[in-house]
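Thanks for making the time this morning. I would like to walk through one model with you, going slowly enough that you can follow each residue on the screen.

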Amino acid sequence: MTARRAGRHLHGGKVTYAVLILFTAGSLFPLLWTAVAASRNNTRLAQTPPPFWFGGNLLKNLGTAWSDANMGAALLNTTVVATTIAAGTVVFSTVAGFAFAKLRFRAKKLLLLLVIGTMMVPPQLSVVPLFMTVAELEWTDQLQAVILPTLVSAFGVFFMRQYLLQALPTELIEAARTDGANGWRVVWHVVFPAARPAMAVLGLLTFVQAWNDFFWPIIALTQNGNPTVQVALTGLGRGYIPDQSVIMAGALLGTLPLLVAFVLFGKQIVGGIMQGAVKG
């Protein structure tokens, strides 16, 4: 009887489906409203009640936002920035997390506390010295000014350290060293495969954060130089009466790549999360 029950699929009731539909609709509403607003004109958006269905100006507003905000270059720059930051954060955080989780060295606890302590420092406090460093290196308005300061994060190190404490057996590391593997071979052949689910989750979170980052890019970059998407969108809000429909069209253009990436890789990402949950 127990085996039969274990093989059955659990089905939600009507209340479960109603709650899921409600939360799904609430999650999709901002995206739907952005698309609706992008298909209207500024006059219609200012009226009461606001429009709740699509108009006929979507392609026109998308074209205006694309040309006015230089969205082609912005999307390319943001893709390069977000991909590089996500890859660097995943690799460096995994290596550092492995060191804090499984290796023995002096001042290990103190260094870990310092890493965690940096998470409590507001990023606004580091803007002035960081900008002075970027200006001294003549990196102003260049993509490396945005990429290099964020190639590793304290959250990523702590996240990978906590995951590897449970997911990576110490016996597996000792067996690899017994077979003659050095430190980097252990990392490549043992640590990375064991940490793959957590690496996928961290990569997704870092990519989305880097794509949506506005605070530091608006300081280090300009709209006419090497803008990211968020910097480019600031150019659409200028003027005595900003055209809200064009702004919404630009926001829609900046959001679509994230949706495409999730549609293409969502199954692998969710599978990695579930695999990590089963291992934990």
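What you are looking at is a predicted model, and the protein chain averages a pLDDT of 83, with 89% of the residues scoring at least 70. Where pLDDT is low, the predicted coordinates should not be read in detail.

Let me turn to the helix pair, which is formed by α11, covering residues 183-194, and α12, covering residues 196-212. Their axes lie 5 Å apart and the helices pack at an angle of about 65°, and because angles of 65 to 115 degrees count as roughly perpendicular, α11 and α12 are described as roughly perpendicular to each other. On the α11 side the contact is made by Phe192, Pro193 and Ala194, which meet Arg196, Pro197 and Met199 in α12. By residue class, the contact of α11 with α12 divides into five nonpolar residues, no polar ones and one charged.

Staying with α12, please find Trp211, which is placed in that helix. Is Trp211 buried or exposed? With a relative accessible area of 2%, Trp211 is buried, because anything under 20% counts as such.

Next is Ser93, which lies in helix α5, residues 71-102, and which is buried, with a relative accessible area of 0%. The side chain of Ser93 reaches the backbone oxygen of Thr89 at 2.7 Å, and beyond its neighbours within four places in sequence, the contacts of Ser93 include Val152, Gly156, Met160 and Leu202.

Finally, Gly250 sits in helix α15, residues 244-279, and is buried as well, at a relative accessible area of 0%. Neighbours within four places aside, Gly250 is in contact with Ala65, Met71, Leu233 and Leu236, while its C-alpha is 9.4 Å from that of Asp68, a residue 182 places away in sequence.

Terms used. Residues numbered from 1 in each chain as written. Predicted model: local features only at pLDDT ≥ 70, side-chain atom pairs only at ≥ 80, totals over all residues. Heavy atoms only, no water. Axes fitted to C-alpha atoms, helices over the stretch in contact; angles between N-to-C directions. Helix = DSSP H or I, 4+ residues; strand = E, 2+ residues; numbered from the N terminus. Parallel < 35°, antiparallel > 145°, perpendicular 65-115°, else oblique. Contact = heavy atoms within 4.5 Å. Nonpolar A, V, L, I, M, F, W, Y, C, P; charged D, E, K, R; others polar. Buried < 20%, exposed > 50% of the residue type's maximum accessible area, 1.4 Å probe, protein only. Polar contact = N/O pair within 3.5 Å; in protein donor to acceptor, adjacent residues only side chain to side chain. pLDDT = per-residue confidence, 0-100.
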